[in-house]
Amino acid sequence: MMKFTEENETLKDKSACAGVRADLKMCLLQSECCQIHRKSPKECLNVTDGSVPSDCFALRTTFFECKRSLLDARQRFRGRKGY
């Protein structure tokens, strides 16, 4: 599990999946795609040229699973995915 946030730092957003969203945002902003090529994080999610680390795509999948678990009624018993 990747954590881009500081140890004593708290997120202003207390909603579900906020930690995964923040980590995905920081991963994309620190990638070569955003810093060197000056693309937006949304554009960088669709790029497959290797300028975005595979960790960011793993966080994207985790964020999707977390959001999907909010809509799935079976997840009420299993708990949300993500962190």
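Colleague: Let's start with cysteine 33 and cysteine 44: buried or exposed?

Modeller: In this predicted model, cysteine 33 and cysteine 44 are both buried.

Colleague: And what do cysteine 33 and cysteine 44 form?

Modeller: They form a disulfide, with the two sulfur atoms 2.2 Å apart, and the link of cysteine 33 and cysteine 44 is left-handed, with -95 degrees about the S-S bond. Cysteine 33 sits in helix H2 (residues 32-35) and cysteine 44 in helix H3 (residues 41-45), so this pair ties together parts that are 11 residues apart in sequence.

Colleague: Is cysteine 34 buried or exposed, then?

Modeller: Cysteine 34 is buried, since its relative accessible area is 8%, and the cut-off for buried is under 20%.

Colleague: Okay, changing topic: how many disulfides does a search of the whole structure find?

Modeller: The search of the whole structure finds 3 disulfides, and if you number the bonded cysteines of the protein in sequence order, the pairing reads 1-6, 2-5, 3-4.

Colleague: Which cysteine does cysteine 17 form a disulfide with?

Modeller: Cysteine 17 forms a disulfide with cysteine 66, and their sulfur atoms are 1.8 Å apart. That link is left-handed too, at -90 degrees about the S-S bond. Cysteine 17 lies in the segment before helix H1 (18-29), whereas cysteine 66 lies in helix H4 (residues 54-71), so the pair ties together parts that are 49 residues apart in sequence.

Colleague: What are the relative accessibilities there, for cysteine 17 and for cysteine 66?

Modeller: Cysteine 17 has 2% relative accessibility and counts as buried, while cysteine 66, with 1% relative accessibility, counts as buried as well.

Colleague: And where do cysteine 27 and cysteine 56 lie?

Modeller: Cysteine 27 and cysteine 56 form a disulfide with sulfur atoms 1.9 Å apart. Cysteine 27 lies in helix H1 and cysteine 56 in helix H4, so the pair ties together parts that are 29 residues apart in sequence.

Colleague: What's the handedness of the link of cysteine 27 and cysteine 56?

Modeller: With -95 degrees about the S-S bond, the link of cysteine 27 and cysteine 56 is left-handed, and both of these cysteines are buried.

Notes: Residues numbered from 1 in each chain as written. Predicted model: local features only at pLDDT ≥ 70, side-chain atom pairs only at ≥ 80, totals over all residues. Heavy atoms only, no water. Disulfide = S-S within 2.5 Å. Helix = DSSP H or I, 4+ residues; strand = E, 2+ residues; numbered from the N terminus. Buried < 20%, exposed > 50% of the residue type's maximum accessible area, 1.4 Å probe, protein only.
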